[in-house]
Amino acid sequence: MYYMLIGFIIVVIAVIGAGYILKRKHYQRINELEEKKIKLRERPVIDELTKVKKLKLTGQTEALFESWRSSWDEIETRLFPDLEEVLLEAEMNTDRYKFRSATYVENDIEQMLVVIEKQMDQILGGLKELLISEEKNAKESRTTKEKFAELRREVLTRGFKLGDTLSYVESKLDTLADSLNQYDLLTDQGDHLEAREIVLLVQKEMKVIEEQMERIPSLLHETDTILPEEINKLRAGYEEMVRKGYYLAQMELDKEITRMRNQVDKMKQNVINLDLDAAEEGIEALHTEIDLFYDTLEHEAEARHFVKENHSPTSDKLQRQNAVSDALAEQITEVKQTYHVGEEDLAVYLKTSAKLSEAKENFEQLTALIASGEIAYSAAQDTLKEIDAALITIGAEQDKFAEELRSLRKDELEARDDAARMRRAIITLDRKMERERLPGLPEEYLSLRAHMGESIDALEKRLEEKPLNMKAVSQDWRIAEEDLTHLTEKAEEMMENVRLVEHVIQYANRYRLRNQELANELVQAENHFYNDYQYKKALEIAVTALEKVETGAFKKVEKAYESKVSVDDIE
């Protein structure tokens, strides 16, 4: 019982202590909110309103002032009293330990203070801006009027440089003068904000006029003097080249000059209308266009030089190529008496010949046009270059075809020599086989040997045909070469197998008396060796039998055979 009492007392003390701490925190926050409210009430809104009220206000300025005063009246008569009541409610909730309710109310107070502060900032900011506007207006008004007077004097002294734009500039200055008069009127009436807008607008417009006055003289100089002179120079240069025999009708310069002069008139009107950006863009574009026409004339002059330098060389080249073509035609006639020339080969020649005829026709037409002066030199230059490129291609094709014709006789002689060589190679191979003293030759080899002879016979028969078809000769020649290679490889393989079989059987004989199975298999191998001449099969049987008795024995035999030593000397 005693301990329960002690525990209860401790709990009560803890609750009281916690309540005290929370209560203290809430009062601290309430005091902070109260201090912020006091600071807001001390802000000099009334003083600033009084200062502005002393000014003579009308129009937009007066309307703004009334809105600020109404906003302040709302703060004074409604927002601050409401704030006092809510602060009191927060204190009462704290006193009664209604901490949650107190927190909600304190948050509401903070929001109210934010609203009040924001409204006061707007009022004070507006009032300050109004007072500054009046001061700035007075200062900038003097500066603006002085600048305007200076601009007027400059127009009077430099008006002759503005040309037809003078009336437009003066009209703009008259409009600005009316704006300055309106500024004075608004200032006298107390509408300082609207008056400031006019001052700023006048300053902006004067800056624009100053920039325009800087640009107008040079633009007028372009439209009145430079561009017309450039166009006249272009026409003079064009007419001079026409007198010298240049064909320039493709430029249609009369039509283009009329168009360019109309563009100059349009650009001058842009300057007069003070659309200076459009005028500058047009002037730049027209200069570029005139430069392009000069480039065209210069290109024609260069092309004329090219044509004069290259016309005769191209004519000579064309004649030489015609002579080559004629010689090639005669060569084809001669070759066809001995050799068969395929339709595809002839089609290549005919196609090349047609290209040459076309080049010749184009050159003749070009020569006639140059003589009559009815073609631009640039077009003549392009045609000459095309003809020259065509002649280079034609020359390469004709050289290739001529080389193919020349190679026919060379290939024929090589084929005949090779047929004789292959017959000698077979005789040599037969003698080599005889020296090996083989028990006999298998049917497979004899068939290959007979086929080889037939291939050489077919090649030699083909070489006796008239006219000689070298494509067919090449095909028979390739077949005979392949057959000889196959026959030679087969013979070498067969002789190699014979030698190895003999060595393997000789080595295996040491086991023959002791191993009946080995002896039987060796007899089988010898039957294939001596009876049907299947040397490869005999080798396979002998090796298999030996390896059963002595693993790895065949490698020893093979190594001894290659090294030409006794098997017993191989470790």
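At 32% relative accessibility, Arg 259 counts as partly exposed, a class that lies between buried (under 20% relative accessible area) and exposed (over 50%), with a 1.4 Å probe and protein chains only. Its salt-bridge partner is Glu 256, with the closest N and O atoms 2.5 Å apart; a salt bridge here is a side-chain nitrogen of Lys or Arg within 4 Å of a carboxyl oxygen of Asp or Glu. This is a predicted model, in which local features need pLDDT of at least 70 and side-chain atom pairs count only at pLDDT 80 or more, while totals for chains, interfaces and linings use all residues. Residues are numbered from 1 along each chain as its sequence is written, and side-chain values use heavy atoms, with hydrogens and water left out.

**Overall make-up**

- The protein has 15 helices and 0 strands; helices (H or I, at least four residues) and strands (E, at least two) are DSSP runs, numbered from the N terminus.
- Of its 571 residues, 36% count as buried.
- The accessible surface of the protein is about 34,100 Å², and carbon and sulfur atoms account for 52% of that surface. Accessible areas come from the Shrake-Rupley method with a 1.4 Å probe, and for residues only the protein chains shown count as cover.
- Among contacts (heavy atoms within 4.5 Å) between residues at least 6 apart in sequence, 78% join residues at least 24 apart.
- The whole structure contains 25 salt bridges.

**Salt bridges within a helix**

- Side chains of opposite charge can pair when their charged atoms come close.
- Glu 256 and Arg 259 both belong to helix H7 (residues 253–272), where they are 3 residues apart, about one turn of the helix.
- Glu 256 is buried, at a relative accessible area of 17%, whereas Arg 259 is partly exposed.
- In helix H10 (residues 377–435), Arg 421 and Asp 418 are also 3 residues apart, so about one helical turn separates them.
- The side chains of Arg 421 and Asp 418 form a salt bridge at 2.5 Å, N to O.
- Asp 418 is buried, with a relative accessible area of 10%, while Arg 421 is partly exposed at 33% relative accessibility.

- Glu 460 is bridged to Arg 423, with 3.0 Å between the closest N and O atoms.
- Because Glu 460 sits in helix H11 (residues 443–463) and Arg 423 in helix H10, this pair ties together parts that are 37 residues apart in sequence.
- Both partners are partly exposed: Glu 460 has a relative accessibility of 27%, and Arg 423 has one of 30%.
- A network of salt bridges links Arg 235, Glu 239 and Asp 254.

**Negative surface patch**

- A patch of negative charge on the surface is made up of Asp 291, Asp 295, Glu 298 and Glu 302.
- Patches consist of residues with over 30% relative accessible area and no salt bridge; like charges are joined within 9 Å, and nonpolar side chains (Val, Leu, Ile, Met, Phe, Trp, Tyr) within 5 Å.
- Lys and Arg count as positive and Asp and Glu as negative, with His and the chain ends not counted. The place of a charge is taken as NZ of Lys, CZ of Arg, CG of Asp or CD of Glu.
- Glu 302 is part of helix H8 (residues 276–338) and is partly exposed, at 46% relative accessibility.

**Positive phi in loops**

- Most residues other than glycine have a negative phi.
- Glu 252 has a positive phi, near 50°, and is not glycine.
- Glu 252 is located in the loop between helix H6 (192–243) and H7, and is partly exposed with a relative accessible area of 45%.
- Arg 437, likewise not a glycine, has a positive phi of about 50°.
- The loop between H10 and H11 holds Arg 437, which counts as exposed at 75% relative accessibility.

**Two asparagines**

- Asn 497, in helix H12 (residues 470–512), is buried with a relative accessible area of 11%.
- Apart from neighbours within four places in sequence, Asn 497 contacts Tyr 535, Lys 536 and Leu 539.
- Asn 232 is in helix H6 and is partly exposed, at 41% relative accessibility.
- Asn 232 and Ile 257 are 25 residues apart along the chain, and their C-alpha atoms are separated by 8.8 Å.
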